[in-house]
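I opened this notebook to keep track of what I looked up, entry by entry.

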Amino acid sequence: MIREFTLNHVWFILAGAGWTILLTAIALFFGSILGLVLAILRQSPNAILRVAAGSLVRIFQGVPLVVVIFMIYFGIAGGGLNVSPLMACSIGLSLFAGAFLGEIWRGAIQAIPAQQWEAADALGFTALERLRYAILPQAIRLSMPATIGFIVQLVKGTSVASMVGYVELMRAGQVVNGSTFDSFTVFGLVALIYLAINLPLSFLSKRIEQVKL
Amino acid sequence: MHFEAVWAGLPLLLSGALKTILYAVAGYAAGLAFAMLLIVGRLAYGSAISRPTAVFVEIVRNTPFLVQAFFLYFGLAKLGFSMSPVVAAVIIVTFNSLAYTVEILRSGLMGVPRGLIEAGESMSFSALQMFRYVIARPMLRATLPALSGQFIIIMLNTSLLSAIAIPELTYEASNLASSSFRPFEVYVAIALIYFTISAAFAGMFALLTRAVTGDWAKVDLARRGIL
Amino acid sequence: MSLIEIDHLSKSYGAHQVIKDVSLSVEAGEVLAVIGRSGSGKSTLLRCLNGLEQINGGALRIDGRAVTYDKRALRQLRKRVAMVFQSYNLFPHMSAQDNVALAPRIVGKLERKASLDIAHEMLGRVGLSDKHDAYPRDLSGGQQQRVAIARALAVRPEILLLDEVTAALDPELVGEVLKVLGDLASEGLTMVLVTHEIAFARKAASRVAFMHEGRVHEIGPAQDVIGNPQTPELQRFLASVIA
Ligand SMILES: Nc1ncnc2c1ncn2[C@@H]1O[C@H](COP(=O)(O)OP(=O)(O)O)[C@@H](O)[C@H]1O
Ligand SMILES: [Mg+2]
């Protein structure tokens with residue numbers, strides 16, 4: 001039975017947007033931790049750690065997000081464990097975010113001039129103190145535009161969760177479309193909501209790119 | 001783990017992989033070509049062309065690939081503009097390529113020394129001549145690494161075309177996964193295939209970059225008898 | 001026993017030997033000025049003294065203790081031997097007082113309040129008591145370099161190394177930094193300073209070493225080395241910098 005597109009559908013889609021934001025936040029949280037670890041390991045004097053961290057980044061940048069999520073989803077389920085779509089997507093998106101943020105932050109760390117590293121050395125800092133007090137604060141500021149730009153990619157990436165049936169914004173649109181068949185309105189609305197989430201982030205990213213340190 | 005099902009389905013997966021590469025290369029090249037046209041247009045007509053471009057670019061960059069595919073394929077059909085999945089797929093990949101590469105080229109254009117452009121202006125080059133003789137080389141040279149990364153991202157995104165039933169690698173894999181009841185093995189296998197494609201194209205772009213930044217310059221100098 | 005003992009020191013980058021069999025010593029309270037052409041190895045010598053570069057041959061002793069390169073020894077060394085760079089290298093994300101207070105807090109393990117007290121004391125010594133909260137980008141080159149000197153002094157080092165600390169400054173800002181250095185010298189701080197300010201070296205340094213192609217070519221009391229150069233290399237060098 002075909003139903004009219006009603007306000008209830010709009011609420012359903014907006015609730016989906018809420019889950020999109022939640023999924024983004026989860027992935028951003030765990031992805032930042034992973035990304036920071038990867039970025040730091042890639043400066044490590046230990047070649048094994050450096051190569052391992054680099055390979056992890058390269059793998060997650062060389063395989064589609066949807067395939068990563070499917071592997072996690074079916075891999076855990078195949079091992080006999082129960083895995084919810086939310087769990088599988090959170091893990092997949094966190095790994096994805098970790099790899100990209102790790103790469104962005106590694107670039108920022110390496111862009112801090114050698115003299116800054118030396119100044120910290122000359123003050124008697126250990127390698128970790130040097131990162132913590134001298135290098136990272138500068139690298140984080142430097143990478144802000146790219147980091148915020150990546151959050152836009154992450155919001156977009158959460159739409160892949162719809163393919164394992166997690167009802168975020170995209171999936172909510174598909175569900176409503178399945179009963180109303182008003183695809184133009186439904187996916188138009190979904191696109192507008194993504195724009196409403198992402199455009200401010202994109203503009204913020206551009207704005208701070210123009211501000212000098 | 002049982003990879004027999006993967007072996008049996010390998011021909012199917014490889015034909016899917018070939019389609020993945022085809023959609024990625026065709027869409028990316030078309031998008032890049034349009035992006036260059038836009039750059040030339042900007043040189044010729046200034047901001048009259050950059051404002052509508054900016055709106056288009058922001059819409060594409062700030063909405064998910066999947067949503068674009070559904071809107072174009074299902075949404076427009078609702079209004080009576082129906083198209084085959086293949087056409088929708090090519091349009092989506094081209095749009096995404098265009099939206100990202102035009103920004104990359106624009107940043108490359110800003111890096112072309114002012115003096116070079118003024119030299120071109122002083123010889124009253126047309127926009128096309130300016131692009132061809134003054135801007136194209138330094139711009140491409142500076143942006144090849146970013147263009148390479150963007151190609152990989154677009155190639156990986158074609159996996160989402162499976163949602164509108166394009167028989168590319170991920171689509172073939174999901175069929176094989178459900179018919180063989182071995183989804184994990186199948187997805188591990190295509191992860192490897194995607195990774196191989198990424199690495200191969202990254203390698204080719206690296207070679208191209210080296211040729212453009214190093215050896216080609218030498219070839220050029222040799223041709224003019226300087227070397 | 002001298003405070004700094006450099007004993008047949010050599011240092012190479014790959015096949016390129018930059019310091020060749022250098023021996024000299026510096027007494028506590030002494031100011032040694034190192035002069036010489038660009039590329040003669042002055043910076044490298046200084047960087048060896050606080051462990052930024054590892055030596056390849058010979059020995060280096062500070063207060064009788066050989067310089068070694070394990071983490072803990074380096075930390076101890078750098079608390080005693082502080083360094084100031086040509087390009088200041090202040091941390092741009094920190095105010096002047098935070099730049100100066102950082103090492104006392106992190107390396108010296110002081111409370112924040114105590115480390116800020118030290119920062120204020122040191123900024124006072126370099127004449128910047130009114131700039132506690134200024135950020136490097138808001139300070140002139142001369143002021144930034146004085147903050148950098150305060151930062152180096154904040155760990156209360158026994159030795160201060162200064163590598164062409166006025167070379168990056170606009171000429172009208174050189175004087176304020178040299179004045180600070182002169183004050184430190186008269187307070188009895190041991191300093192090794194690489195400089196092109198020959199007049200300053202003559203006035204403030206107790207001894208001058210002239211480096212040439214990785215060796216100490218001439219060394220002696222400042223008046224003698226600068227006023228009465230013995231070798232043609234030093235004569236030519238002095239002629240070129242004074243002219
Ligand atoms: N990190 C390095 N790697 C290789 N060579 C270096 C390095 N640092 C300095 N050198 C070389 O060592 C020589 C001495 O340099 P330096 O000590 O900086 O001289 P100065 O400070 O007297 O100008 C120069 O030839 C320089 O090129
Ligand atoms: Mg030097």
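**Conventions.** I am reading a predicted model, in which local features need pLDDT of at least 70 and side-chain atom pairs count only at pLDDT 80 or more, while totals for chains, interfaces and linings use all residues. Residues are numbered from 1 along each chain as its sequence is written, and chains are lettered from A and ligands numbered from 1 in the order in which they are written.

**Confidence.** I noted an ipTM of 0.91 and a pTM of 0.87 for the complex, both from the predictor.

**Two helices of chain A.** I looked up helix α1 (residues 7–41) and helix α6 (residues 127–157) of chain A, whose axes come within 12 Å and cross at roughly 145°; helices here are DSSP runs of H or I with at least four residues, strands are E runs of at least two, and both are numbered from the N terminus. The axes are lines fitted to C-alpha atoms over the stretch in contact, with angles from 0 to 180 degrees between N-to-C directions. On the α1(A) side, T20(A), T24(A), A27(A), L28(A) and I40(A) meet L131(A), I151(A), L154(A) and V155(A) of α6(A), where contact requires C-beta atoms, placed from the backbone, within 7 Å.

**The core.** Which residues touch the most other members of the largest nonpolar core? I found I69(A) and A69(B), in a core of 200 residues, a core being a set of buried Ala, Val, Leu, Ile, Met, Phe, Trp, Tyr and Cys residues joined through C-beta atoms within 7 Å. Helix α4 (residues 85–111) of chain A gives the most to this core, with 13 residues. Beyond four places in sequence, I69(A) is in contact with A88(A), C89(A), G92(A), V160(A) and V164(A).

**Chains A and B.** I read that their contact takes 30 residues from chain B and 29 residues from chain A. On the side of chain B that touches chain A, α8(B) gives the most, with ten residues.

Most residues other than glycine have a negative phi. I noted that D21(C), in strand β2 (residues 16–26), has a positive phi of about 55° although it is not a glycine. E213(C), in the loop between β9 (207–212) and β10 (215–221), likewise has a positive phi, of about 50°, and is not a glycine.

Definitions and conventions. Contact = placed C-beta atoms within 7 Å. Buried ≥ 20, exposed ≤ 12 C-beta atoms within 10 Å, placed from the backbone.
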